Amino acid sequence: MRELKCLRCSGDMSFIRREEFQLGRTGWLLGDLPNLVAGAMELDVYACPNCGKVELFTPDEPFEGGGLPQKKCPRCGNMIDFDYHRCPLCKYDFKTE
Ligand SMILES: [Zn+2]
Ligand SMILES: [Zn+2]
């Protein structure tokens, strides 16, 4: 599970469940995902309780579906959006580097 901030409203995303998606039927949903393999694939489902935004992530790596790249906070290790100048969790300021 990850600490995730909603891209739309910056609220906390909640982990819903890990779901097995049947590839082929959800091609419209996963069209941009590299390394597609035949059969099923497990994805983590996160939703924002504030605005209802739902995002899918591979179990190991963030899957943004064409969204912002992420960087790792050197202080707390949290993955945050690349355009943040300050860590939303520990307030680490990237501009001081
Ligand atoms: Zn939201
Ligand atoms: Zn941090």
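In the hairpin of β2 and β3, Gly52 takes a positive phi near 85 degrees. Six residues lie between the two strands of that hairpin. The model is predicted. The protein has five strands and zero helices. Three strands form an open sheet with antiparallel pairing.

**Overall make-up**
- From the N terminus on, the elements run β-β-β-β-β.
- The protein has 97 residues, and buried residues make up 9% of them.
- Take the contacts in the protein with a separation of 6 or more: residues 24 or more positions apart account for 39% of these.

**The sheet**
- Strands of a sheet pair through backbone hydrogen bonds, either parallel or antiparallel.
- Here the strand order is β1-β2-β3, and the pairing is antiparallel.
- β1 and β3 stand at the edges with a single partner strand each, so one side of each is left without a neighbour in the sheet.
- On average, neighbouring strands of this sheet are turned by 30 degrees against each other, direction ignored.

**β1 with β2**
- Strand β1 covers residues 14-22, and strand β2 covers residues 40-47.
- The two strands pair in the antiparallel sense over eight bridges.
- Phe21 stands opposite Met41 in β2.
- Glu19 has Leu43 of β2 as its bridge partner.

**β2 with β3**
- Strand β3 spans residues 54-57.
- β3 pairs with β2 in the antiparallel sense over four bridges.
- Asp44 stands opposite Phe57 in β3.
- Gly52, with its positive phi, belongs to the hairpin of these two strands.

**The nonpolar core**
- In soluble globular proteins, nonpolar side chains tend to be buried together.
- The largest nonpolar core in this model has six residues.
- Its members are Leu4, Met13, Leu43, Tyr46, Cys48 and Phe57.
- Leu4 touches Met13 and Tyr46, leaving aside residues up to four places away in sequence.

Definitions and conventions
Residues are numbered from 1 along each chain as its sequence is written. Chains are lettered from A and ligands numbered from 1 in the order in which they are written. This is a predicted model: local features need pLDDT of at least 70, side-chain atom pairs count only at pLDDT 80 or more; totals for chains, interfaces and linings use all residues. A nonpolar core is a set of buried Ala, Val, Leu, Ile, Met, Phe, Trp, Tyr and Cys residues joined through C-beta atoms within 7 Å. A residue is buried if 20 or more other C-beta atoms lie within 10 Å of its own, exposed if 12 or fewer, and partly exposed in between; C-beta atoms are placed from the backbone. Two residues are in contact if their C-beta atoms, placed from the backbone, lie within 7 Å. Two strands pair if DSSP finds at least two bridges between them. Axes are lines fitted to C-alpha atoms, for helices over the stretch in contact, and angles run from 0 to 180 degrees between N-to-C directions.
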